[in-house]
Amino acid sequence: MVIYAKTQRRSFLSIKTSLPSGGLGWALALVLALTSCTDTWDEHYDASTADYGTLWQAIDAQQNLSNFAKVVKACHYDLILDGSQTYSVFAPTNDAFTAGEADSLIAAFQKQAAAGVRTNDNTVVRQFLQNHIALFTYPVSSLTNDSITLMNSKYVRLTASTLGDRRLLTTNALYNNGLLFTIDRKLDYFPNVFEYLGHDHDLDSVYQFLNSYSVYEFNDAKSVPGEIVDGLTIYLDSVTELNNMMLNALGLINAEDSTYWFVAPTNSEWSRLVSEYEPYFNYPNSVAKRDSMVYTNTRQAIIGGAFFSRTMNPDEAFRDSAVSTLASSALVRTLLDMDYNYFTYYRPFDKGGIFDGTTDIVCSNGHVRKASTYNVSKFHTFMQTVKVEAEDILYQDTIIDAVDPLVVRQVTSDNPFYGHISGNTYVEVVPDPATAQVTVSFKIPNILSNVKYDIYAVFVPATAYDLQAVSEAAKPNIVRTTIYWNDQNGKEARRIFNRNVSNTPEVVDTLLLASDFTFPTCSYGLSEPQAKVQLKSNVSSKQTATHSGTLRLDCFIIKPHE
């Protein structure tokens, strides 16, 4: 880099000779500015500290770094520090890092290697070696006050005299492939939220579930390419990066550049919740990958609402309400006409709140809230009220003896019922022929098994569309209900409710069709809903003067409860 700066200075001097006289002052200013910059770089790389050879050769040659060198060589990092990639190495001296500590780390590395642990996953490499090495060169001067990234992605503050809370003993020793510093004590390893889960034996269960989705993927952009053999690039240094599909969906608690809180159930709570939640995910045997879906959805249901990005939860709002990563925005809730803000918890630090009674562990990228009593309610997360809009053709199923497609009506803003009907839209199920008793069924998605549901249909009066239809609006409907599902073997089953139910006319009426109904199988998360609700008009030809055979339906509501 010194050579580069001096070369640049000569090139600007040569430019000056070809400039007209009017540009001489401009060129001279550039030369002076660059000379000043070069002098600063020269302070970084004093000729007396610059040397030939690689970082590994320098470390191996210095007696006061022999303990650090032993670990470097035992973990095969001598090959890396002897290569062409550039690094900054912050090596603890023998006074700060003893031979006994070195031998202990080497034994731990070898034990993990023998067990098949890959080098980048080895705790000695990640927590010790990579914790003292940074990619690229970071020279210090009297003005330095920067945050640098170590090889294990940890951030640490570097100043003219310190690395974190460690004192720099020597600085800016320049070698062919980087800079060598020495420090007065080894750097402590500060785990992130995800890493802490793997260190705490009380949290083994949640960690093993999340870590089962960890995959290392090759990153060619960060790898060092070598020669091409038989058309294939041979990489001198192959860089792989951790990717975790579950964390990508729920919260990047493994990322050092993000800040998260995570409510982690202890092993005993995890076991209790798995036993409680597993019956809710009893899929039919015909569902592809049934066992995998039962396993995954049960466990994801436990922790799905336990991730909190501090970017979305600033200090001033966090004590009032904690909004998890799966919460819907206000705009989405409005568009979907959602009645409840799931995955949002009010007064989270109060007694009974989600953070109440948890143990707080500070990590490099946030906090773990260790919960021996888990206060994240299923009714605030996955056990949600299901709402199906009758006008949504994706959920319209069977239409018998009625005009097909169903007639869609819009409620105008000048109508008294505007704002009282979901989405201000509903459907009319009109008899065809006029004397027929219509039958219509709707698919119901995301049903859980072994949960008590109350099932409602919302009826709309005729005047919601036509203010003149007063006599028609005064006529109630009479309906019978049938509920369908797929049994354990995947065959359609049903329950017919023989009782007649009638809505209250002239108002938007939420009519209870069935109470405490339990589906024996689950369809949660399936692309094709397996549960259905069917309504059949039971208005006879003798009742048409007092009752309406046309069903005006806003939506269906399927509400779970204890």
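Is Asp 320 buried, partly exposed or exposed? Asp 320 is partly exposed, at 42% relative accessibility. The views below show details of a predicted model.

**View 1. Arg 347 forms salt bridges with Asp 320 and Asp 350.** The closest N and O atoms of Arg 347 and Asp 320 are 3.8 Å apart. Arg 347 sits in the loop between strand E15 (344–346) and E16, and Asp 320 in the loop between helix H13 (315–318) and strand E14 (321–323), so the contact ties together parts 27 residues apart in sequence. For Arg 347 and Asp 350, the N to O distance is 3.1 Å. Arg 347 is partly exposed, at 42% relative accessibility. Asp 350 is partly exposed too, at 34%.

**View 2. Lys 378 and Glu 276 meet in a salt bridge.** The N to O distance is 2.8 Å. The pair links distant parts of the chain, 102 residues apart. Lys 378 lies in the loop between E17 and strand E18 (386–389), Glu 276 in helix H11 (residues 267–277). Lys 378 is buried at 8% relative accessibility; Glu 276 is partly exposed at 28%.

**View 3. Four strands form an open, mixed sheet.** Their order is E13-E12-E17-E16. E13 (307–309) and E16 (359–363) are the edge strands; each has a single partner, so one side of each lacks a neighbour in the sheet. The twist averages 20° from one strand to the next. E16 pairs with E17 (residues 366–371) in the antiparallel sense, over 5 bridges. Asp 360 stands opposite Arg 369 in E17.

**View 4. A network of salt bridges links five residues: Arg 409, Glu 428, Glu 472, Lys 475 and Arg 552.** The structure holds 25 salt bridges.

Note on methods: Residues numbered from 1 in each chain as written. Predicted model: local features only at pLDDT ≥ 70, side-chain atom pairs only at ≥ 80, totals over all residues. Heavy atoms only, no water. Pairing = 2+ DSSP bridges. Helix = DSSP H or I, 4+ residues; strand = E, 2+ residues; numbered from the N terminus. Axes fitted to C-alpha atoms, helices over the stretch in contact; angles between N-to-C directions. Salt bridge = Lys/Arg side-chain N within 4 Å of Asp/Glu carboxyl O. Buried < 20%, exposed > 50% of the residue type's maximum accessible area, 1.4 Å probe, protein only.
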